[in-house]
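Please prepare a briefing on the structure shown below.

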Amino acid sequence: MEHKISDAELEVMRILWREQRPLKVSEFRDELEQRKGWNKSTTGTLVTRLRDKALIEPTERYGVARYVPLITEDEYVLTEEKALLEKFGSAKKLAVAMIRNGHLSSSDIEELRAYFQMGGDNA
C-alpha cells in the first residue's frame with residue numbers, strides 16, 4: 001500500500017511514532033505550536049487529513065479521542081525509499097547524487113563501506 005504523506009502531515013506522524021502511545025490532539029498540538037508556530041486549526045486539519053487517508057485512527061477512552069498511527073515508521077520509510085528509487089532508477093544513482101551534493105559525509109561513506117564489506121549484516 002502506498003502512503004502519501006505531506007511534509008506537514010509527517011510532523012504529526014513523527015510525534016505519534018516517537019511517543020508510541022495513543023495521543024490526544026492537544027498533546028501534539030502544543031509541540032507543533034511551539035516548534036512550527038501552527039495554530040489549533042492547522043493541527044486539526046492535519047489530523048483530519050491523516051484520518052481520511054486511513055493513516056491514523058482515533059481510539060476513545062473516557063469519551064476523549066486519542067490517535068494512533070495505522071502504519072509504522074518503517075512502513076512509511078519503505079514506501080518513500082521505493083518512490084526515490086523509481087525516480088532515480090537505481091540505488092547507485094541515488095547514492096552518487098547524495099555524495100556529489102554533500103548529503104553524505106565522509107564518515108557516512110566510511111560507515112557504508114564497512115557495512116558492505118561485512119556483507120550488510122550490521123544495519
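In what order do the elements of the chain run from the N terminus on? The order is α-α-α-β-β-α-α-α, that is, six helices and two strands. Helices (H or I, at least four residues) and strands (E, at least two) are DSSP runs, numbered from the N terminus. This is a predicted model, in which local features need pLDDT of at least 70 and side-chain atom pairs count only at pLDDT 80 or more, while totals for chains, interfaces and linings use all residues. Residues are numbered from 1 along each chain as its sequence is written, and side-chain values use heavy atoms, with hydrogens and water left out.

**Overall form**

- The C-alpha trace spans about 55 × 30 × 25 Å along its principal axes.
- Of the 123 residues, 24% count as buried. Buried means under 20% relative accessible area, exposed over 50%, and partly exposed in between (1.4 Å probe, protein chains only).
- Among contacts with a separation of 6 or more, 47% come from residues 24 or more positions apart; contact means heavy atoms within 4.5 Å.

**Surface and charge**

- The accessible surface of the chain comes to about 8800 Å², and carbon and sulfur atoms hold 49% of this area. Areas come from the Shrake-Rupley method with a 1.4 Å probe; for residues, only the protein chains shown count as cover.
- The chain has 20 positive and 22 negative charges, and their mean positions are 4 Å apart. Lys and Arg count as positive and Asp and Glu as negative, with His and the chain ends not counted; each charge is placed at NZ of Lys, CZ of Arg, CG of Asp or CD of Glu.

**Nonpolar core**

- The largest nonpolar core has 20 residues, of which Ile5, Val12, Met13, Leu16, Phe28, Ile56 and Ile71 touch the most other members. Such a core is a set of buried Ala, Val, Leu, Ile, Met, Phe, Trp, Tyr and Cys residues joined through side-chain atoms within 4.5 Å.
- Helices α1 (7–19), α2 (25–36) and α3 each supply at least two residues of this core, and α1 gives the most, with six residues.
- Beyond its neighbours within four places in sequence, Val12 is in contact with Phe28, Leu32, Leu46 and Leu50.

- Thr43 belongs to helix α3 (residues 40–52) and is buried, at 0% relative accessible area.
- Leaving aside neighbours within four places in sequence, Thr43 is in contact with Val25, Phe28, Arg29, Leu32 and Trp38.
- Trp17 lies in helix α1 and counts as buried at 9% relative accessibility.
- With neighbours within four places in sequence left out, the contacts of Trp17 are Leu10, Pro69, Ile71, Thr72, Glu73 and Tyr76. Thr72 is 55 residues from Trp17 along the chain, and their C-alpha atoms are separated by 7.2 Å.

**Positive phi**

- Most residues other than glycine have a negative phi.
- Gln20, not a glycine, has a positive phi of about 55°. Gln20 is in the loop between α1 and α2 and is exposed, at 71% relative accessibility.
- Ala54, also not a glycine, has a positive phi of about 60°. Ala54 is in the loop between α3 and β1 (56–61) and is partly exposed, at 45% relative accessible area.
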